[in-house]
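Morning, everyone. Let me walk you through one model, starting with charged pairs and ending with a pocket.

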Amino acid sequence: MTKGTWRVKYPDPNRNKRRCLIAIVVIIIIALTALLWRLSADERVVTFPYFVEGDKIEVTSLFQYSGPNPDCGEEAGEDIAALSVTNRSGKHVTQETLTLKLATGEKLVFEIQDLPANETAWVFASDNTSCTQDAQVTSLRSSARMESDDQLMRDKVAVSVEETAVTLTNLTAEDLPGLTVFCHTRFDDAFFGGLVYSYPVDNLPAGESVTIQAEDCYLGEAAVVRIAQES
């Protein structure tokens, strides 16, 4: 009978080291891929229409405007960067800041106040910065606050508007002191500017009407977007 030969296979002492090295390499590759993806995402070209705040705010275009800037203290400018923004949230946007970055590295900031649901505002660079017609946007970010859409005290006040004349009627049996009326300028089915104009009403007597002149809205028609009362 032929005797068999037994061979003992000893474990490879470098096997675990190779496994650890492979794992480390895989982790590094994943981390670098994620970093490169983030960098490329930051440098991508934004096309319009573009949604921010999920699908709640639609930025439909970037364009140029020359003239007095209502979002920069009426300071005049040429080719001022401007955005067309529509509220698709179903709520009232009380405050929003849009930060836009151009391919040149320049950053533009836009401010919006009191944009009701389904309304559009043309907003202008808050520092009057200009842009070129072919400017490329690489990122567009938003920070917004939203509330219920009833900002007009409808259970207490009726509002009517004729051009820039705003009439408030007290629907209650009590005086309403310390009111403030906030208006946008409505121009060509959009609000001209992102910031609102405010007008105080010291007292609105029970059952009576008061008319104020929203003179800052002279370019179009006054649009009442909020009425607030001092607590």
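This is a predicted model: local features need pLDDT of at least 70, side-chain atom pairs count only at pLDDT 80 or more; totals for chains, interfaces and linings use all residues.

Salt bridges, then. Side chains of opposite charge can pair when their charged atoms come close. How many salt bridges does the count come to? The count is 4. I'll discuss some of them.

Start with Arg88 and Glu58. They form a salt bridge, with the closest N and O atoms 2.8 Å apart. Where do the two partners lie? Arg88 is in the loop between β3 (75–87) and β4 (92–102). Glu58 is in strand β2, residues 57–69. So the pair ties together parts that are 30 residues apart in sequence. Now the accessibility. Arg88 is partly exposed, at 44% relative accessible area. Glu58 is buried, at 10%, because the cut-off for buried is under 20%.

Next, Asp114 and Arg226. Their side chains meet in a salt bridge, 2.9 Å from N to O. Asp114 belongs to strand β5, residues 107–115. Arg226 belongs to strand β14, residues 221–229. This pair therefore ties together parts that are 112 residues apart in sequence. Is Asp114 buried or exposed? Buried, with a relative accessibility of 2%. Arg226 is partly exposed, at 22%. That value sits in the partly exposed class because buried means under 20%.

Then Asp150 and Arg154. Here the side chains meet in a salt bridge at 3.0 Å, N to O. Asp150 is partly exposed, with a relative accessible area of 44%. Arg154 is partly exposed too, with 47%.

On to the pocket. Rolling a probe the size of a water molecule over the atoms shows where empty space is left. The largest pocket has a volume of about 170 Å³. Its lining is made of 15 residues. Which of them lie nearest the centre? Pro116, Glu119, Leu152, Val224 and Val225.

What about secondary structure? β8 (157–162) and β14 each supply at least two residues of that lining. β14 gives the largest share, 5 residues. Recall that β14 is also the strand that holds Arg226 from the second bridge.

How do its residues divide? Into 9 nonpolar, 1 polar and 5 charged.

To recap: a count of 4 salt bridges, including Arg88 with Glu58 and Asp114 with Arg226. And a largest pocket of about 170 Å³, with 5 of its lining residues coming from β14. Thanks.

Terms used:
Residues are numbered from 1 along each chain as its sequence is written. Side-chain values use heavy atoms; hydrogens and water are left out. Helices (H or I, at least four residues) and strands (E, at least two) are DSSP runs, numbered from the N terminus. Buried means under 20% relative accessible area, exposed over 50%, partly exposed in between (1.4 Å probe, protein chains only). On a 1 Å grid over the protein atoms alone, a cavity is a set of points where a 1.4 Å probe fits but cannot get out, and a pocket is an open set with protein on both sides within 12 Å along at least five of seven lines; lining residues have an atom within 4 Å of a point. Grid points are joined across faces, edges and corners, and a volume is the space filled by probe spheres set on the points. Ala, Val, Leu, Ile, Met, Phe, Trp, Tyr, Cys and Pro count as nonpolar, Asp, Glu, Lys and Arg as charged, and the others, Gly among them, as polar.
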